[in-house]
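Hello,

Here is the structure I promised to pass on. Please load it first; my notes follow below.

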Amino acid sequence: MMKHDFDTVIDRMKSSSVKWDGAEGLFGAKDLLPLWVADMDFKVPEAVAEAVAKKAGHGIFGYTTRDDSYYESIIRWMKTRHNWTVEREWICHSPGVVTALSLAVQAYTEPGDKVIVQPPVYYPFMSTTENNGREVVFNPLKESDGRYSMDFDDLKSKLDKSVKLLMLCNPQNPGGTVWKKQELETLGDICLEHGIVVISDEIHSDLVFEQGSHVPFASISDRFAANSITCTAPSKTFNLAGLQTSNIIIPDAGLREKFEAETNRNAIGMPNSFGPVATEAAYTEGEEWLADVLDYVQGNLQFITKYFAEHVPALKVLPLDATYLAWIDCRELAMTPEELETFFLSEAHVALNQGKVFGPGGEGFVRMNLACSRSIVEKAAEQIRSAVNSR
Ligand SMILES: Cc1ncc(COP(=O)(O)O)c(C=O)c1O
């Protein structure tokens, strides 16, 4: 039985929301239904709202520590949710996971080195590499029957001495693929053999539909743990992105020292006053809320999959193992990526993420955020249907 109400639409306009208030400036239209950037239109668990309100009520927001109970909540969560034993000293900090990706590039590579990414993938994997003057090397995923898999032959063919890092999206965004242990083992062995450090971005790991199906890369073996860093955060899971709090788990002392040197060099190690209390409350008391969110999002996914199959068969919603981000194949519309973008904005009046920004293999796809009330998904579906049918 669902305890939480996600059907009631909460007005997010005039709340400084990137997704809602920022859409007009970014996309250049007023009438857009925003189903793009990955945050939820849902209120956080009550315990989180209360913890933040208590802190706000205290009224003093000086320099802030991370308490023992904060670390304990992370360790407990990783153990119970992902069967991964994490030690306190492994837990490093970063305001966001994207910041951590950039720090990792700075810590583990030199200008001119190469970083492997597996598109279609979350676009900051490319931008954090390029912004730091390193070279992106694509190892594209292969899609078959709606599931992505890794191409290890292609990967091996692209390795040379200047490849220093591989950014793994585990689970994958977009595509929602939960990687199997066997796939991760093969990947990890290749990286170990060639001296390539693995950055495993596991920000979506709590959003798997089958509990226990996510395999933390570092949990597979001590050798993998010693050759990787794992990016975790409560931000996607509990809708806390605005609190800028993530935890980067680095078991190897040498890799940790290099990462922390970059954190210090950039002077970004200190938390804000609200992130730690919200994180602790979420990891300690947020599990039921998360179960309800995952049920609700799967209902939205079923709705949109069935609706398009019946009414807009040119659009195919790929099956997801995880995340609230539907990945929709629009190639049957036979539009260029630019035409597709204009079509969704000017004719369907919905703001989506365009597949082309996720790199090779993303062209012809769009990503739709389903972490919103069913009525919004229904409205978007109807607008898209009407736009496709009027062509
Ligand atoms: C794979 C992945 N990593 C990182 C992020 C963002 O992380 P942060 O907001 O902590 O920088 C996202 C957000 O969508 C994501 O999908």
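Helices and strands here are DSSP runs, numbered from the N terminus; a helix (H or I) needs at least four residues, a strand (E) at least two. Keep in mind that this is a predicted model.

**Ligand site**

Which residues surround the ligand? They are Ala38, Gly96, Val97, Val98, Tyr122, Cys169, Asn173, Asp201, Ile203, His204 and Lys236. Three of these residues come with distances to ligand oxygen. The backbone of Val97 places a polar atom 2.7 Å from an oxygen atom of the ligand. For Asn173, an N or O atom of the side chain is 2.7 Å from a ligand oxygen. For Lys236, a polar side-chain atom is 2.9 Å from an oxygen atom of the ligand.

**Largest pocket**

The volume of the largest pocket is about 1100 Å³. Its lining has 40 residues, and those closest to the centre are Asp39, Asn239, Leu240, Ala241 and Gly242. Of the elements, α2 gives the most, with 3 residues.

How does the lining divide by residue type? There are 21 nonpolar, 11 polar and 8 charged residues. Both domains take part: domain 1 (23-45 + 287-389) and domain 2 (61-285) each supply at least three lining residues.

**Backbone points to check**

Most peptide bonds are trans, and most residues other than glycine have a negative phi. Three places in this model depart from that pattern.

- Asn170 to Pro171 is a cis peptide bond, with omega near 0°. Pro171 sits in the loop between β7 (163-169) and α7 (181-193).
- Asn173 and Pro174 are also joined by a cis peptide bond, with omega about 0°. Where is Pro174? It is in the loop between β7 and α7. Asn173 is the residue with the 2.7 Å side-chain distance to a ligand oxygen.
- Asn239 is not a glycine, yet its phi is positive, about 60°. This residue belongs to the loop between α9 and β10 (246-249). Asn239 is also one of the residues closest to the centre of the largest pocket.

**Sheet**

Four strands make an open sheet with antiparallel pairing, in the order β11-β12-β15-β14. Which strands are at the edges? They are β11 (316-317) and β14 (353-354), each pairing on one side only. Inside the sheet, β12 (residues 325-329) and β15 (residues 365-369) run antiparallel, joined by 5 bridges.

Over to you.

Best regards

Terms used
Residues numbered from 1 in each chain as written. Predicted model: local features only at pLDDT ≥ 70, side-chain atom pairs only at ≥ 80, totals over all residues. Heavy atoms only, no water. 1 Å grid on protein atoms, 1.4 Å probe; cavity = no way out; pocket = protein on both sides within 12 Å on 5 of 7 lines; lining within 4 Å. Points joined across faces, edges and corners; volume = space filled by probe spheres on them. Nonpolar A, V, L, I, M, F, W, Y, C, P; charged D, E, K, R; others polar. Domains from an automatic or database assignment. Pairing = 2+ DSSP bridges. Near = heavy atom within 4 Å. Polar contact = N/O pair within 3.5 Å; in protein donor to acceptor, adjacent residues only side chain to side chain.
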